Amino acid sequence: MSNITTYIEQFGNIPFAELPYTDADDFSLNNIFYMPLEKVAPSVFESKPKTLGHYAQAFYALHDYKMVPAGLVLPKHICRRLVKMSSSRRFAAIKLTGVRSILDKDNTVQFAAATFILPNKTNIIMFRGTDDTICGWIEDFDLLLKGKTGSHDLTVQYLEEAAKALEGDIYVTGHSKGGHLALYAALMCSPETRKRIKRVYNNDGPGFSDSALIESKAYREILPCYRHYIPDSSMFGLMLKHDYDYKVVKSFVPLLGLVQHDISTWQLDGAIPVTVNDVTKVGKMQDVAFARVIEEATPENVNGFRTILNDCFEATGTQTLTGFVKNIVPAVPKMIRGYFDHDKETRSNFWQATLLILGNLAKAGLETVKGELEFPGDLPVTAK
């Protein structure tokens, strides 16, 4: 079995005219978009956009032709894939435009989007998942515990702007938070834009804080073209309220949903994802546990947890996970002082939220061992 690295090697010289856009193409493009191409590509939608190959080489040159990681949990392999794709017949000819990145620490927003244009004029509108910034990780907590962030509105605005600027069919896609945003944009865009959407990919992205959107008319409209992929022990893709008609991809990494979130661990058979019938017991346990946490946590618990967590990051004096890890030891005294600077109620809510997480994971784990876990996905699902 292969993954996106071997797919790029084996299919890189096959043009899209011979092999139309595949799920493996989508996985590959989502993976390389974690590289900050906004550093070399324009944010506007150009009338004559340049190729992915052009911008990949420009990015490589920007870093003195050295392979650089995209972040602490985003290794150099992504940069290597970007360079490999830039020299392949299949990917190098893809046009790239509207590459946009917004980091708003004050409003806790980490947003990035780009549009890849295939030779047949199909527009692949892509939203990036969480990057290496602390702001992005705090935004994830807002998404999971509050249900809405500033990225939601930016996502819909970007999709509408792209639809207005570009001709042709539209695919909307993303990985992790980006997959969640892709689905959100497809559901919240105008009916005129939605009619042009021919495919929606949610690659291991979480659901929504309530079920209204997945019970909506818009969801029923996009369902025939919706592809929701999660790895077999998914953690992020099973958070919040979501549909249960996903496809489960076999990962090379057993059991660990956090590691399986890396799309390069997903198995492919040529251009086709290797799927299994169901998620593992670990995946089911995580789904139920976090659903209970979100249901039981009070707004005070959420705010206390978020506030202290944010201040712990702030204490290191860095804006990235990479910097956080490098500076965590000298920052420990500041983190401790910052914790005790908060009032007793805030500290209490922080620990209540922490115990809710640990307690529900333990409870769901015990139910799994006893065979008593009630998993909603075991119920009949909507047929496509």
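**Labels and their cut-offs**

Trainee: Why is T108 called buried?
Mentor: Buried means under 20% relative accessible area, exposed means over 50%, and partly exposed lies in between, with a 1.4 Å probe and protein chains only. T108 has a relative accessible area of 10%, so T108 is buried. Before we go on: this is a predicted model, where local features need pLDDT of at least 70, side-chain atom pairs count only at pLDDT 80 or more, and totals for chains, interfaces and linings use all residues. Residues are numbered from 1 along each chain as its sequence is written, and side-chain values use heavy atoms, with hydrogens and water left out.

Trainee: What makes the phi of T108 worth a look?
Mentor: Most residues other than glycine have a negative phi. T108 is not a glycine, yet its phi is positive, about 55 degrees. T108 sits in the loop between β1 (95–104) and β2 (109–117); strands are DSSP runs of E with at least two residues, helices are runs of H or I with at least four, and both are numbered from the N terminus.

Trainee: And D204, is it buried or exposed?
Mentor: D204 has 0% relative accessibility, so D204 counts as buried. D204 also has a positive phi, near 60 degrees, and lies in the loop between β5 (197–203) and α10 (217–222).

Trainee: How do you know whether the radius of gyration of the protein chain agrees with a compact globule?
Mentor: The radius is taken over C-alpha atoms, and the globule rule is 2.2 Å times the number of residues to the power 0.38. For 384 residues a compact globule would come near 21 Å, and the protein chain has 21 Å, so the two agree.
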